[in-house]
Amino acid sequence: MSALKNDLKLKLKLSPNVRLRMTFEREMLLDEDESIFNDVLHKKYLEMYDRGIAKQEALLKAALLSDGLLALLLFGKNVTIPGTSIGIQDIPAAAEVMTLFASLNFLVLSLAFMNAQAYQAICEQFTIRLAAKRGIDPDFLSAAHMSTEFYLKLFRKKMNIFGEDFFDAGVGYSAFYSSLSFLLGMVMLSVLALHISLMAYGIWMSFSLNWISVLFAVSVSLMNCAAVLVNISPSFNFTIKPSPTIPQ
């Protein structure tokens with residue numbers, strides 16, 4: 001029985017992001033004198049993070065633009081091309097091309113978001129190590145180096161999740177801002193649902209029984225499905241191995 005309990009203690013559910021954080025923390029333990037994982041390397045990671053954020057923002061603009069143009073193509077019945085009497089819905093295969101383009105944009109945006117989150121996780125490990133020496137909240141150090149959704153920290157019942165809070169939130173604060181966080185989450189989900197619905201409508205409007213139409217529907221469906229699954233990040237069991245030792 002005791003052997004079974006010890007075996008269970010070696011199991012832990014991890015998401016990809018948490019696994020990355022914990023793995024990088026183990027790597028930092030190998031560098032006792034901080035000759036590798038130091039401020040110089042931290043700055044290089046921050047530069048890569050900034051590039052990732054810039055790419056993510058550019059892709060977000062492209063995704064919003066492509067979704068907007070697709071909605072215009074699908075629902076803008078009275079919209080005509082300036083200087084002509086041709087309606088935008090009369091452009092051959094315009095809806096199909098824009099549906100494909102919007103789906104591809106969504107997939108690339110999802111991958112860019114995941115990549116930026118990975119760089120953020122690595123950068124935060126540097127500030128966590130630095131803050132641990134003084135017992136302060138590393139979030140305040142990370143926020144000075146990286147763009148962060150600080151409102152999530154502001155709305156939490158417990159502002160400092162790494163240690164003791166200086167001010168305990170009451171029931172009113174917790175109830176109001178928990179509801180607000182839930183509302184913001186529902187808004188984001190509704191935007192995602194709107195995008196998926198728009199893609200589904202684009203497929204339905206252009207679908208016919210021929211191989212190119214079927215291939216188009218499958219391709220668009222797979223791209224959107226993969227884009228959603230990439231950032232769901234479910235947790236699975238991992239076996240925890242002993243802490244690393246310093247090479248001799």
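Select Asp 137 and Lys 153 to begin the tour: in this predicted model they form a salt bridge (a side-chain nitrogen of Lys or Arg within 4 Å of a carboxyl oxygen of Asp or Glu), and their closest N and O atoms are 2.6 Å apart. The pair links distant parts of the chain, since Asp 137 sits in the loop between α4 and α5 (138–145) while Lys 153 belongs to helix α6 (residues 150–155), 16 residues apart. Helices here are DSSP runs (H or I, at least four residues), numbered from the N terminus. Both Asp 137 and Lys 153 are buried, where buried means under 20% relative accessible area, exposed over 50%, and partly exposed in between, with a 1.4 Å probe and protein chains only.

Next, select Glu 124 and Arg 21, whose salt bridge has its closest N and O atoms 2.7 Å apart. Because Glu 124 lies in helix α4 (residues 94–132) and Arg 21 in helix α2 (residues 16–29), the pair ties together parts that are 103 residues apart in sequence. Glu 124 is buried, with a relative accessible area of 13%, whereas Arg 21 is partly exposed at 22%.

Finally, move to Glu 34 and Arg 129, where the side chains meet in a salt bridge at 3.9 Å, N to O. Glu 34 is partly exposed, with a relative accessible area of 29%. In total, the rule gives six salt bridges.

Residues are numbered from 1 along each chain as its sequence is written. Local features need pLDDT of at least 70, side-chain atom pairs count only at pLDDT 80 or more, totals for chains, interfaces and linings use all residues, and side-chain values use heavy atoms, with hydrogens and water left out.

Note on methods: Helix = DSSP H or I, 4+ residues; strand = E, 2+ residues; numbered from the N terminus.
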